[in-house]
Amino acid sequence: MTQPSRDLEPVHSARDLYGVELRRQRQLIGLSLDRMSDIVNYSKTHLHGVETGERLPLPPISEKLDAAFGTGELFQGLWGAVKREYTPRRFDHCLELEARAVRIQEFCAGIVPGLLQTSAYMRALFTEGNPQMSSGEIDSLVAARLGRQEVMRRDSPPHFWWILGEAALRQAVGGPEVMYGQLATLLPLVQSRCTTIQIVPFAAGSCTLMNGALILLTLPDNSTIVYQEGPRNGEIFDDRETVTQRVREYDLMKASALPPRDSAALIEATMEMYEPCESPRT
């Protein structure tokens, strides 16, 4: 049964104003969502979500809408307002999609991805990145991230595929003890019923995605959403051109990465760097 759409509030929300204007322009010229999808090369699901205020109008859809409707830069201007309103919540939207995904593929160059992090590793990351925060605030961040990992313990979890840069194994977040525990946690997930982990070794050289992070989220309707993060910001995409390009890049990354068995061997070898020395017997 379809859930009723919420009431839009275009006076108070730029995203709602965008949705109202999109529906108005589409209906003015008598276009169905199916036909609109063909014209702008975005899924019907995404367009419906934009019209109802449930999804962001992901770039470059605004330029395509202005061209289709002959509205100058109307939608591009509205997107600027939406972006200013919504920028701090982009990753929150990614998390909302992650909770619904049936397949999650992720690449992370320099740190262990959030879904794989131990609480000690999280705490070290948050503490080092936010030295001004109180221990209580750090506790809240750790608890929130641990809650995110519930998706891995569902009765029917998504299929996960992670690709990590070797730097993620060697960057000593929190010190040797924390890293030893973190890498030990990765080992049983390298190849299991619903998880795969591959490592891209330094010897593989540079590649397109090595300086950032990439998440590919496949939803129940078989559509794929891309979240790509750089040093300063993150962006979400679901237009076919960008999704196709990022999926291809991810597949090339898989080809550059070590197979799971060799990835496990590299993780074990790196753990030896962090293994505590036994106290000498007396």
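**Figure 1. Buried residues of helix α7 in the predicted model.** This view shows a predicted model. Helix α7 covers residues 119-129. Five of its residues are buried: Tyr121, Met122, Ala124, Leu125 and Phe126. In an α-helix there are 3.6 residues a turn, so residues three or four places apart point the same way. The cover over the buried residues of α7 includes three further helices. These are α8 (135-148), α9 (166-170) and α10 (176-186).

**Figure 2. The whole protein chain.** The chain holds 12 helices and 6 strands. It has 282 residues, and buried residues make up 46% of them. Take the contacts with a separation of 6 or more: 69% of them join residues 24 or more positions apart. The accessible surface comes to about 14,800 Å². Carbon and sulfur atoms account for 52% of that surface.

**Figure 3. Aromatic pairs, with Phe160 and Trp162 in close-up.** The chain has 3 aromatic pairs. In one, the ring centres of Phe160 and Trp162 lie 5.1 Å apart. Their planes meet at 5°, so this pair is stacked; the cut-off for stacking is under 30 degrees. Phe160 is buried, at 0% relative accessible area. Trp162 is buried too, with a relative accessibility of 0%.

**Figure 4. An aromatic cluster.** Three residues make up one aromatic cluster. Its members are Tyr18, Phe69 and Phe75.

**Figure 5. Lys254 over the ring of Trp161.** Lys254 belongs to helix α11, residues 240-256. Its charged end sits over the ring of Trp161. The distance to the ring centre is 4.1 Å. Is Lys254 buried or exposed? Its relative accessibility is 18%, so Lys254 counts as buried, the limit being under 20%. Leaving aside residues up to four places away in sequence, Lys254 touches Arg103, Gln105, Trp161, Ile163 and Gln198. Gln198 is 56 residues from Lys254 along the chain. Even so, the C-alpha atoms of Lys254 and Gln198 are separated by 7.4 Å.

**Figure 6. Packing of helices α2 and α3.** Helix α2 spans residues 33-40, and helix α3 spans residues 44-51. Their axes are 9 Å apart and form an angle of about 110°. The two helices are therefore roughly perpendicular, a class that runs from 65 to 115 degrees. On the α2 side, the contact is made by Leu33, Asp34, Met36, Ser37 and Val40. On the α3 side, Lys44, Leu47, His48 and Glu51 take part.

**Figure 7. Asn41 in the loop between α2 and α3.** Most residues other than glycine have a negative phi. Asn41 is not a glycine, yet its phi is positive, about 65°. The residue lies in the loop that links α2 and α3. Asn41 counts as partly exposed, with a relative accessibility of 25%.

Figure 8. Asn222 is exposed, and its relative accessible area is 63%.

How values were computed
Residues are numbered from 1 along each chain as its sequence is written. This is a predicted model: local features need pLDDT of at least 70, side-chain atom pairs count only at pLDDT 80 or more; totals for chains, interfaces and linings use all residues. Side-chain values use heavy atoms; hydrogens and water are left out. Buried means under 20% relative accessible area, exposed over 50%, partly exposed in between (1.4 Å probe, protein chains only). Helices (H or I, at least four residues) and strands (E, at least two) are DSSP runs, numbered from the N terminus. Contact means heavy atoms within 4.5 Å. Accessible areas come from the Shrake-Rupley method with a 1.4 Å probe; for residues, only the protein chains shown count as cover. Rings of Phe, Tyr and Trp (its six-membered ring) pair if their centres lie within 6.5 Å; planes under 30 degrees apart count as stacked, over 60 as edge-to-face and the rest as tilted. A charge sits over a ring if NZ of Lys or CZ of Arg is within 6 Å of the ring centre and within 35 degrees of the ring normal. Axes are lines fitted to C-alpha atoms, for helices over the stretch in contact, and angles run from 0 to 180 degrees between N-to-C directions. Angles under 35 degrees count as roughly parallel, over 145 as roughly antiparallel, 65 to 115 as roughly perpendicular and the rest as oblique.
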